[in-house]
Amino acid sequence: MSTTTPGTTARRAHEGRVLGALRDGPLSRAELARRVGLSRTTLSETTAELLRRGAVVVLDTDAATRRGSGRPAERLALDPGSGQYLGVDFGHRRVRAAVADATRETVASGVEHYDDDTVGAERLELAFGLIDRLAREHGLHFGELQAVGIGVAGPHGGRRPDSEQVPWVRRTAPDGVHAAFAERFGAPVVVDNNTRLAALAEAVSQPESASDLLYVRLSDGVGGGLVVGGRIGTGAHGYAGELGHVSVDPAGTRCRCGKRGCLETVASVHAVLAACRDKGVEVESLDDLAAAVATSDPVVEGVLRDVGATVGRVLGMAALTLDPDEIVIGGEITRVAPVIVEQAAATLRYELHPLPTGDSLVVRAGRLRDTDGALGALAAAFHLSPLLAGYPEPETTHAPGELRRSLRGPRPGTPPETLHARMRRAL
């Protein structure tokens, strides 16, 4: 349950106006007051809180240029080295991290790779090492980190968020990842399914967030996310969007979940590469696949169209249930092999015929790269979008008086292209 009060909402709005003004350069408090239209008392309280958190710093005073008597006026500026929000995405073979400043701009991001069988504790240390490296390379500090968003594989967000209840889930983060980050940074932490967070990143990366969006990501695994009625959907048990385990061939390859012929056994990167090899084309990586696509290899073309058709049929079933405004197919393989998206869209429209969706249903490839999960984790950390209305508040085991914080979204009137640019900066 959210603890946001009218006073909290007003405070965040005041902070947003001050931070927005300081983005244009250092200002004195008097200049800030004229720029943002706040009373002297309100501005003093707002700037004191931002200074305490390390979001802004005292840059200098006007002592050298000031005429007459009186106390020199301090000029305030955004602290370029203050990491305020952290997004982390634990994938099957890599961890990504992204850092945002007080204005919600992404100021640093990076990736650390590991083997699929790397134990959880080692993944955690690699994640912390990556964050430390980003801090060194970009001159950042995390003394006043406001919130951390973390994406992991498996069900989260429903009444049963513990993926231990789903034995087939390959754990991508160690046990206690929530507590480990809360202890290290002393900040609120929110954990959710990384593909759902990727769906969030896609939804807020466009000029107008789709009210109803269906997202599927083809990567080491296959997962999905739903935006229903303008809100991220988790489902009663956290399974909403688990499209990768829809059975498409009951006699097909056995899936890690125990069933046969799940979409993941057909459309994951591993499955696509294996299907090409089975037909005599030696491809071991996405780079190899890209080379085959570039030469219009007919065998590879056939494999990719079969994959796209299968994805399209699954999306068609989901679309008939959800009737979305937009369908997004993400994952690096869609950039390497755009024919997957083309074929999926064609099959999807056939499945929806004769419903009068026409051109109103948008089917597209994801705009973001493999960073989408980390960017979505950032969005979850600072509640960037109204899509997160009702989203579980971040919690931490520290500072009982601040266990729950609901972080503000973008300032009213912020151009959509600016929001998109913020999320993609440094990527």
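Before counting anything, a reminder to myself: I call two strands paired if DSSP finds at least two bridges between them. Also, this is a predicted model.

Entry one, strand 10 and strand 11. I looked up how strand 10 pairs with strand 11 (residues 231–233), and the two run antiparallel over three bridges. Val228 has Arg231 of strand 11 as its bridge partner, and Leu226 stands opposite Gly233. The hairpin here has two residues between the strands, and I noted that Gly229 takes a positive phi near 60° in it.

Entry two, the other neighbour. Strand 9 (residues 213–218) pairs with strand 10 in the antiparallel sense over six bridges. Tyr215 has its bridge partner, Gly225, in strand 10. A hairpin of three residues leads from strand 9 into strand 10.

I read the strand order as 11-10-9-12-13, an open sheet of five strands with mixed pairing. Strand 11 and strand 13 (362–365) sit at the edges with a single partner strand each, so one side of each has no neighbour in the sheet. On average, neighbouring strands are turned by 20° against each other, direction ignored.

Then I checked what packs on the sheet: helix 10 (residues 298–322) does, touching strand 9, strand 10 and strand 12 (326–330). The direction of helix 10 makes about 155° with that of strand 9.

Is strand 10 (residues 222–228) largely enclosed or open? Six of its seven residues are buried, so strand 10 is largely enclosed by the rest of the structure. For the record, I took buried as under 20% relative accessible area.

Notes: Residues numbered from 1 in each chain as written. Predicted model: local features only at pLDDT ≥ 70, side-chain atom pairs only at ≥ 80, totals over all residues. Heavy atoms only, no water. Buried < 20%, exposed > 50% of the residue type's maximum accessible area, 1.4 Å probe, protein only. Helix = DSSP H or I, 4+ residues; strand = E, 2+ residues; numbered from the N terminus. Axes fitted to C-alpha atoms, helices over the stretch in contact; angles between N-to-C directions. Contact = heavy atoms within 4.5 Å.
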